[in-house]
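Let's take a walk through this model together, one piece at a time. Have the structure open and follow along.

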Amino acid sequence: MSYLDNIRNFSIIAHIDHGKSTLADRLIEKTGLVEARDMKEQYLDNMDIERERGITIKLQTTRLQYKAKDGQEYILNLIDTPGHVDFNYEVSRSLAACDGAVLVVDATQGVEAQTLGNVYLALDEDLEILPVLNKMDLDSARPDDARAEIEDIIGLDASEAPEISAKTGMGIDDMLEKLIEVIPPPQGDPDGRLKALIFDSYYDSYKGVIIYTRIFDGRVKRGDTIRMMNTGKNYEVTEVGYCIPGTVPADELKAGEVGYICGSIKQVADARVGDTITLANAPADAPLKGYKKAQSMVYCGIFPAEGEKYENVKDALEKLQVNDAAFNFEPENSAALGYGYRCGFLGLLHMDVITERLAREFDLDVITTLPSVVYKVVMKDGEVLDIQNPSNLPAPALIAHIEEPIVKADIMTPNEYVGSIMTLCQNRRGNMIHMEYLTKTRVQLHYEMPLNEVIYDFFDALKSRTRGYASLDYEFLRYQPAKLVKLDILLNREPIDALSTIVPEEEAMAKGRGICEKLKEIIPRHQFEVPIQAAIGQKIIARETVRAYRKDVLAKCYGGDITRKKKLLEKQKAGKKRMRQFGSVTVPQEAFTEVLKLDDGR
Amino acid sequence: MTADRMNKKRGIYIHMPFCVQKCRYCAFLSFTAEGSPRKEYTDALEKEIKLRAALERDNGTDRPIDTIYIGGGTPSVMDISSMSEMVKTLKRSFDVKPDAEFTLEANPATLGRKDGVMLAKLQAYRFMGINRFSMGVQSMDNDRLHFLGRIHTAENVARDMDIIRRKGFDNVNLDLMFSVPGESGDDALSDLEKILSFKPEHISCYSLQIEEGTAFGRMAESGELTEVPDEEDRDTYHRICRRLRDAGYEHYEISNFARKGDDPDSPSPYRSRHNSLYWNMDEYIGLGLGASGFINGIRYKNTTDLGEYLAALGEGRLPVAEEHKNTAFDNISEAVFSGLRRSEGIRYEDAVRAYMEADDSGGDSTAATDAGAVFWEIFAEAEKEASEYAKRGLLVIDNEGLKLTEQGIDISNSIMSLFV
């Protein structure tokens, strides 16, 4: 019997909130490798932002030891997956490192769009799937309905799906037994040529980049020279080991195993997710399939706020990039906001996470501009430009046409919300491809929609119209010509480049009016009237005015309480620091991101 | 102590936190007089007076007192007997200059219902040395007075003023409030005319501010009450300023006006000497609940908790809740923003002197040859915006210093906040 028979490599796949992280915690606790007292809630989600949002962005992987009822000791490698549509590629690579997956379905909610999306990704990697019904401790659990949904929608036999509660620990042992039975052991040749899949990496200031890997064939140890088959770079291995969690050195990693490799690698971009590691002196014939360079879907400008140093922002962005191959940036100069960076993200969540980390981990004060997608601008001379910054859009006279990215959006919803979702999607220029009843009460809507319409507040709008019951999954489909124009915003008759957007021509009027109204709320009164105008080219299409204020005076004398007066003035001054000066107009920094959150009920 | 500090004037502020009833706009620290421990309070005050005086003597920092101001609340609701004892203690404890300005805040209709009582009370105040009254008139319209929650009528004001004058008090301030919800500019000007008919030596005019935690604050929140629009408020303010100038009053501070003396070219003798201490970075000892003081380079504020105040003094300790030793920057910043309230504005020389007075300035004022240069070095960050305000005619910047224009007053906070 081979050592491989006692290894199981698996992922947990679930919709957000369905309890994936809690289950992972429980497994770690059960298998005794982390003392209960060291357990932070949800051990695997170790970034504060992840824990707060209940989502996983950076992967964690953990080696568990489990003594099964058959008396054998098993090594269970739990490979985490990020739980958000922005990170589908990362999910697929994590799954590729596994031989099976535990599908967690919330017994109170049933199957959701993302569950299905992740199941398909798992099927694409040929994984055995073990469905599990979670949250069975709740009174609202409907295991029979959930089982029926798994069978009807996903097509898996759920009759023997373990019923568990990750929260209370109920049913976990049975689940582990079932896991060993259902998920096959890895296969591979420890004496073959090294083929190891990178499914994640992160930067450690002492060890350099730490690569999480699954060895498919061969073995690797300290002192070996490894080669990244797609980027062609060589590194000397300084350490290999297991993630228990954390990093625990080992002599070698061999076929079927999951662990980490360090090699004085300076940034994660040099150890890209999906790349194949081999030995430089005895390379494998071909890399593992499925490598893809991460592509930014959403861009925005990040500028130092008043009083913040450009260098600080640059340092922070560089540090973030070291750990995030999907994040990229380049210098940008805005007439309104000065020197800053144009940053590319996988999606809106990715963008949120990065900007939040800038504030939290680096204590930076930055202004983020409106997110934008990448437009393909086909010029009259035939040249095609990629434009992700509205300010860079060439003059209309030179443009033959513009193409915008279209995504395939799958929305799963209880049937009573179909009407309002259809209205929402229609207003967002969505085009319904088809609709199917998955069960009597659950419907899946398939739309094609401009990405531009999805990135602002579509998800929030969807949630609010369906009381949180609808779920969304989307992926890039194609570029498609569209009638688009650049909408400029002028404050006190001066165009503010950072507020320009690219919008569909037919919506320019409504958008322009909405932005002007919003700015009117956000911009404080000045000592003079501030006209706010929206324009297409030279044509003004909407206008609002911030009335002049006439009074900012404390007439009362507070019996010599100068300190109180001073505090008021200091507060006023501090408030002004959060503002940005454009000529003589002062604009609060949040204006740049708030302005398109047009809660217009669309 | 630097030599400069020796030249400062010094005043005493005493807080009396009791009123007949709380006005509906009032956010000041005050209690309903009836049933409050007024006697215990003045006893405690006497202890505080003695402790402060002893402390100053022990430090060798005691100096003659130029002004005394008893404010509130409504000091005139205090028993004359205990007031008299308290003032005696005050005068025994501090070296009060013979020509000191001694103000009592009084509300109409609180000085005695019967003429005889009021005359006798005023006599008692005179014995105490009080030589200036500040009356919270606020309005001369009975409906509006009622709306504000005041306890007096326009007739009470006329009668009180008559007796005060008969008694020979020749330095009286009347407070006028404008921009009361529902009040027009014309209403305010008509109030002003009635107030002018008493020929007060001093008039304070301020617009009603609706503050959180007051009855008006709650009414504004529920929409029962609508604030007078800023445009209207400022228009009324400037009309009042014009009218008072025409009537021979000097507009010497944002909300304060003093009747001109015999020589119309020199500053009015009726300016509030006490309030001027605040605007000039002079010293004042604050006594009583929640009172603020600024002496020997230290700003302090007493506790605002009445129980704690009484307890502290019962145990023989000062009831100070906050204390802050001013830095050089604190000094110059305060000198600028409080000095800008005066129509004269500030002189670089005085501001820089305030800066040098602080122990951490590391210099002495004699070394400063060009005060303007030093000033703008300290406020280099503010210079650009300040000159923009100057360009717009809101601020005057010259070789001597800065001052707000009458238009600049309207947005004085924005200008002042450049210097904090």
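**A strand and its partners**

Start in chain A, where strand S15 (residues 276–279) runs antiparallel to S6(A), with two bridges joining them. To find the spot by eye, look for A:Ala196, which sits opposite A:Ile277 in S15(A). Keep in mind that this is a predicted model.

S6(A) has another partner as well. With strand S7 (residues 208–217) of chain A, S6(A) makes an antiparallel pair over nine bridges. Getting from S6(A) to S7(A) takes a hairpin of three residues.

So how enclosed is strand S6 (residues 195–204) of chain A? Seven of its ten residues are buried, so the rest of the structure largely encloses this strand.

Now for the nonpolar cores. The largest one has 162 residues, and the members that touch the most others in it are A:Ala101, A:Val102, A:Leu103, A:Val132, A:Val220 and A:Ile411.

Setting aside neighbours within four places in sequence, A:Ala101 is in contact with A:Phe10, A:Ser11, A:Ile13, A:Leu95, A:Ala122, A:Leu127 and A:Ile129.

Finally, see where the chains meet. Chain A brings 20 residues to the contact and chain B brings 32 residues. What kinds of residue does chain A use on the side that touches chain B? That side has eight charged, seven nonpolar and five polar residues.

Definitions and conventions
Residues numbered from 1 in each chain as written. Chains lettered and ligands numbered in written order. Predicted model: local features only at pLDDT ≥ 70, side-chain atom pairs only at ≥ 80, totals over all residues. Contact = placed C-beta atoms within 7 Å. Nonpolar A, V, L, I, M, F, W, Y, C, P; charged D, E, K, R; others polar. Core = buried A, V, L, I, M, F, W, Y, C linked by C-beta atoms within 7 Å. Buried ≥ 20, exposed ≤ 12 C-beta atoms within 10 Å, placed from the backbone. Helix = DSSP H or I, 4+ residues; strand = E, 2+ residues; numbered from the N terminus. Pairing = 2+ DSSP bridges.
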